[in-house]
Amino acid sequence: MKKYAKIAVGAAAGALLIGNTVKAALYRPKIEEVPDLPIEDVNTDRYIKTLQEAIRCKTVSNSDEALVEWEEFEKLHKVFEEQYHLLHKTLEKQTVGRAGLIYIWRGKNPSLKPIALIGHQDVVPVQKEKLADWKYPPFDGVLADGYIWGRGATDMKNHVVGILESVETLLEEGFEPERTVIISLGYNEELLDSELASAPMLSKALEEQGFQLESVLDEGGAILDLDVKHVIHKRLAGVGIAEKGYCDFEISVNAKGGHSAAPPKHSAVGILSKAILDLENHPFKAKLTPEIKNIVDTIARNTEYSVRLVGSNLPMLLPVLKPVLAKIPPVASVMRTTTAVTMTQGSPQANVLPQRAAATVNFRILPGNSIADVEKHIRRVIRNKDIDVKLLGGNEPSIVSPVDTPTMDAIKKICVGMFNMSSPVPFVVMGATDARHYQNVTDTIYRFSPFVMSPDILMLAHGTDERMPVEGLENGIAFFKRYIRALAGEK
């Protein structure tokens, strides 16, 4: 009897192995129809020159507008005017706030809702003590070693100049849009939700002029050139269909204080530290959203055969892997509302017991949660109910845009036709963009920048040696041209 049992187990294992081998062989990238795209002329030399000049404009935003060098924004606008004559001759230009720009390219058919391509002109500062770490000065726009170097090269003057360059070239070719095309450029996106934020001003200006948009395209996703030996060598792209919200809460405790020579068992800081540990030890529950499943599935289908042996069983494995994935910070951040204690305050002097201790906690809110949910979570997991909880500010998660729209179809077809890759996958953007401020004029908002970059280069945004690879620039500009043709051209 044992002999037959062993034979049965062996046969079952063999059948499972054969079945899984066949399954992995069939577990390939989903076949997409590759469209026959027209060849697009691109003036790469002009684009590079303009991006270099744009980087040389120190358009650093600051929460104190008195400290902003507004002449640098004026200099940038002059660069645009000098490089893109036809655009400034043909499109209607409006200035909003201190440095916001709206360009309106009127379509022949006013019954069609306009499309908008948006971006921001500002960049983050460079710390003086880090200047020496840069290979080339951050505001010199140096072209060297196959890259354009400088602050804003990838976030996001490359994108803004790409939009303007594509429109200029379309005008040179005599293209006349059926649908109105709008370019909207803010000037303080890097400040998150400042009371002086320019994006709400720009979207309100459009709304007041009666515009309801077909769609908005902003930064957010990108085309990643992935190269991990024996695992994957593919180009994969993500299109942001939503973005996390965020909020800052202050948790604080009051105490008697006094001289440090006669301390109590727990000072205010000690009491507060327990509350901080409660928060860190009880994160929000991780979720396997449809977007996460789709991203994992797309990546797995594009891996080498040995990895696909595992990937082909993802539907069965993901629930089992969920607790493991939730412990990897970069992965967990896309699976849950995150908790990050970022600032603390206590006594002003080393020998004085604090009468008040406070901590600022930053939460990045997954769509489906809200600021109210965050506050409930804080009050529930902190055991000490005498801790004070105060909302300092925040922004709810964005709406989740639909994926079955003409705009999304256009993005997919152009990417598949141009970049030799699988169809882009929808995902939730972890950071904040200006796009969320346009929900008053459309519910169809996508976050995607059509430039091919390695993960290492992408991570340099806001960091030292930020730079943009010259290789692939031509395709990025061509994307914008095809995008406008697909959505605003004759049907």
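Biologist: Why is Tyr147 called partly exposed?

Modeller: This is a predicted model, and the label rests on a computed area. Tyr147 has a relative accessible area of 24%. Buried means under 20% and exposed over 50%, so Tyr147, at 24%, is partly exposed.

Biologist: What makes Trp149 buried?

Modeller: Its relative accessibility is 4%. The limit for buried is under 20%, so Trp149 counts as buried.

Biologist: Why is the pair of Tyr147 and Trp149 called edge-to-face?

Modeller: The planes of Tyr147 and Trp149 make 70°. Planes over 60 degrees apart count as edge-to-face, so that is the label for this pair. The rings are 5.9 Å apart centre to centre, and the limit for a pair is 6.5 Å.

Biologist: Which residue stands opposite Tyr147 in strand 17?

Modeller: Pro469 stands opposite Tyr147. Strand 5, residues 147–149, is joined to strand 17 by 3 bridges, and the two run antiparallel. Two strands pair if there are at least two bridges between them, so strand 5 and strand 17, with 3, count as paired.

Biologist: What makes strand 4 and strand 17 edge strands?

Modeller: The open sheet has 3 strands in the order 4-5-17, with antiparallel pairing. Strand 4 (143–144) and strand 17 (467–469) each have a single partner strand, so one side of each is left without a neighbour in the sheet. Helix 2, residues 44–55, lies across strand 4 and strand 5 and runs at about 20° to strand 5.

Biologist: How many aromatic pairs does a search of the whole structure find?

Modeller: The search finds 11. Among them, Trp70 and Tyr187 have ring centres 5.7 Å apart and planes at 75°. With the edge-to-face limit at over 60 degrees, that pair is therefore edge-to-face.

Biologist: How do you know that the pair links distant parts of the chain?

Modeller: Trp70 lies in helix 3 (residues 70–83), whereas Tyr187 is in the loop between strand 6 and helix 6; the two are 117 residues apart. Trp70 has a relative accessible area of 12% and Tyr187 is at 2%. Both values are under 20%, so both residues are buried.

Biologist: Which residues do ring pairs link into a cluster?

Modeller: The cluster holds Phe448, Phe451, Phe479, Phe480 and Tyr483. Phe451 is also one of the residues that Asn158 touches; the others include Tyr47, Leu51 and Met468.

Biologist: Why does Asn158 count as buried?

Modeller: Asn158 lies in helix 5, residues 157–172. Its relative accessibility is 0%, which is under 20%, so Asn158 counts as buried.

Biologist: How do you know that the buried residues of helix 6 line one face?

Modeller: In helix 6 (residues 198–208), the buried residues are Ser198, Ala199, Leu202, Ser203, Ala205 and Leu206. Seen down the helix axis, they fall within an arc of 155°, so they line one face of helix 6. An α-helix has 3.6 residues a turn, so residues three or four places apart point the same way. The buried residues of helix 6 pack against strand 1 (92–96), strand 2 (100–105) and strand 6 (181–186).

Biologist: What makes strand 6 and strand 7 partners of strand 3?

Modeller: Strand 3 pairs with strand 6 in the parallel sense over 6 bridges, and Ala116 has Ile182 as its bridge partner there. Strand 3 also pairs in the parallel sense with strand 7 (residues 215–228), over 3 bridges; Ser215 is the partner of Ile115. The requirement is at least two bridges, so strand 6 and strand 7 each qualify.

Methods: Residues are numbered from 1 along each chain as its sequence is written. This is a predicted model: local features need pLDDT of at least 70, side-chain atom pairs count only at pLDDT 80 or more; totals for chains, interfaces and linings use all residues. Side-chain values use heavy atoms; hydrogens and water are left out. Buried means under 20% relative accessible area, exposed over 50%, partly exposed in between (1.4 Å probe, protein chains only). Helices (H or I, at least four residues) and strands (E, at least two) are DSSP runs, numbered from the N terminus. The arc is that of the directions from the helix axis to the C-beta atoms. Contact means heavy atoms within 4.5 Å. Axes are lines fitted to C-alpha atoms, for helices over the stretch in contact, and angles run from 0 to 180 degrees between N-to-C directions. Rings of Phe, Tyr and Trp (its six-membered ring) pair if their centres lie within 6.5 Å; planes under 30 degrees apart count as stacked, over 60 as edge-to-face and the rest as tilted.
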